[in-house]
Amino acid sequence: MAEAGATPPQGPAGTAPQAPGRLGANPYVRTWFWLLVLTILELLVVFLPIPRTLLVVLLVVLAVMKGVLIMAEFMHLRFEKLSFVYSMLSPLLLALALLAGIFPDALNRLP
Amino acid sequence: MHPAPAQVKWDAPSPAFEASWGKVMMWLFLLSDTLTFTGLLGGYGFLRASSQAWPTPEQVFNVNLVGFMTFLLICSSATMAAAVGTARRGETVRTGRLLGLTVLGGLLFLALQAYEWIHFIQAGARLASNPWGVPLFSTTFFVITGFHGLHVTAGVIYLTTVTFRALQGRLDPDGVETAGLYWHFVDLVWVFVFTFMYLI
């Protein structure tokens with residue numbers, strides 16, 4: 001999908017905060033389309049005759065892809081200053097640490 | 001010597017991030033909310049992985065209906081993103097219309113979730129028991145989808161307020177963008193709730 005107009009949509013990260021406003025609706029339609037495609041893929045993947053572990057990994061990967069799309073495009077993280085992006089994303093390591101801390105127990109300790 | 005301002009200028013962008021304070025603070029709130037949802041979904045994953053049996057979600061829920069609910073949230077996120085764009089360009093009426101569509105998507109989502117809950121409850125599911133044999137199955141379902149539904153409800157109220165302000169001629173592009181961040185986050189959380197509670 002090619003964008004018409006003088007302003008190229010792929011501005012470098014860290015430009016002025018009002019950058020998203022000049023982009024028009026097209027990038028949003030594109031993001032919407034890909035989110036839709038990924039959702040349909042998620043619904044179809046469930047029917048694949050593959051091992052359950054692989055299915056879970058596949059679904060998590062698809063979900064993370066959707067999450068990244070929403071954060072980068074809809075939440076404009078792609079257009080923010082890098083210091084902002086790092087500040088807001090680094091606490092997610094805490095979430096990962098939380099999960100890494102409890103999951104080994106779920107698989108090993110309980111009957 | 002520095003001029004030493006007497007107070008922080010809240011209407012000026014944050015100097016470190018070159019972003020409005022509303023945006024910075026909303027992101028901070030969303031981060032804490034992310035950790036809350038991680039705790040809930042992580043707890044659910046723990047309980048499910050450590051249980052000997054767990055009902056298959058596809059056999060209990062209508063996954064097509066939930067897929068449609070996902071579609072609704074994606075659409076409302078797209079109209080929200082477009083509303084931020086029109087608000088930046090000062091197009092009040094279009095912004096109001098797009099925000100209205102976003103609210104409508106949220107309301108439809110809530111209606112379908114209510115329908116699903118009623119269906120589930122009529123089938124015998126309670127907070128601490130259900131006919132599928134694993135009590136935690138309905139506990140985690142009600143707590144997690146309920147907590148997310150509460151977020152959608154709050155978002156609908158929040159966006160309705162922003163819509164009315166826009167239509168009254170008090171359109172604040174930064175405010176619309178901040179509200180949009182919250183709404184996209186609700187969509188983002190649903191992506192994971194949908195994946196972990198219905199598909200896996």
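Guide: The account below begins with conventions and confidence, takes up the interface, and then turns to each chain.

This is a predicted model, in which local features need a pLDDT of at least 70 and side-chain atom pairs count only at pLDDT 80 or more, whereas totals for chains, interfaces and linings use all residues. Residues are numbered from 1 along each chain as its sequence is written, while chains are lettered from A and ligands numbered from 1 in the order in which they are written. The model scores ipTM 0.88 and pTM 0.86.

The interface draws 41 residues from chain A and 39 residues from chain B. Two residues are in contact here if their C-beta atoms, placed from the backbone, lie within 7 Å. On the side of chain A that touches chain B, two or more residues come from each of α1 (26-45), α2 (52-74), α3 (82-89) and α4 (92-108) of chain A. These elements are DSSP runs numbered from the N terminus, with helices defined as H or I over at least four residues and strands as E over at least two. By class, that side of chain A comprises 31 nonpolar, six polar and four charged residues. The nonpolar class holds Ala, Val, Leu, Ile, Met, Phe, Trp, Tyr, Cys and Pro; Asp, Glu, Lys and Arg are charged, and the others, Gly among them, are polar.

One residue of chain B gives a detailed view of the contact. B:Ser77 is part of helix α3 (residues 63-88) of chain B. Leaving aside residues up to four places away in sequence, B:Ser77 touches A:Ile70 and A:Phe74, together with B:Trp183, B:His184 and B:Asp187. B:Ser77 counts as buried because it has 28 C-beta neighbours inside 10 Å. The term buried applies if 20 or more other C-beta atoms, placed from the backbone, lie within 10 Å of the residue's own, exposed if 12 or fewer do, and partly exposed in between. From B:Asn62, B:Ser77 is 15 residues away in sequence and 23 Å away in space, C-alpha to C-alpha.

The contact of α1(A) with α2(A) has 13 nonpolar, one polar and three charged residues.

Between α2 and α3 of chain A, the loop holds A:His76. The phi of A:His76 is near 65°, a positive value in a residue other than glycine. Most residues other than glycine have a negative phi. A:His76 has 22 C-beta neighbours inside 10 Å, so this residue counts as buried.

Chain A as a whole has four helices and zero strands. Of its 111 residues, 20% are buried. Among contacts in chain A with a separation of 6 or more, 56% join residues 24 or more positions apart.

Chain B has six helices and zero strands, and 40% of its 200 residues are buried. The corresponding share of contacts between residues 24 or more positions apart is 77% in chain B. Its C-alpha atoms fill a box of roughly 70 × 45 × 20 Å along the principal axes.

Helix α5 of chain B covers residues 135-167, and its end C-alpha atoms are 48 Å apart, which agrees with the 48 Å that its 33 residues should span at 1.5 Å a residue. That expected span is 1.5 Å times one less than the number of residues. B:Leu167 lies in α5(B) and is partly exposed, with 16 other C-beta atoms within 10 Å. B:Leu167 and B:Gly96 are 71 residues apart in sequence, yet 5.9 Å apart in space, C-alpha to C-alpha. After α5(B) comes B:Gly169, with a positive phi near 85°.
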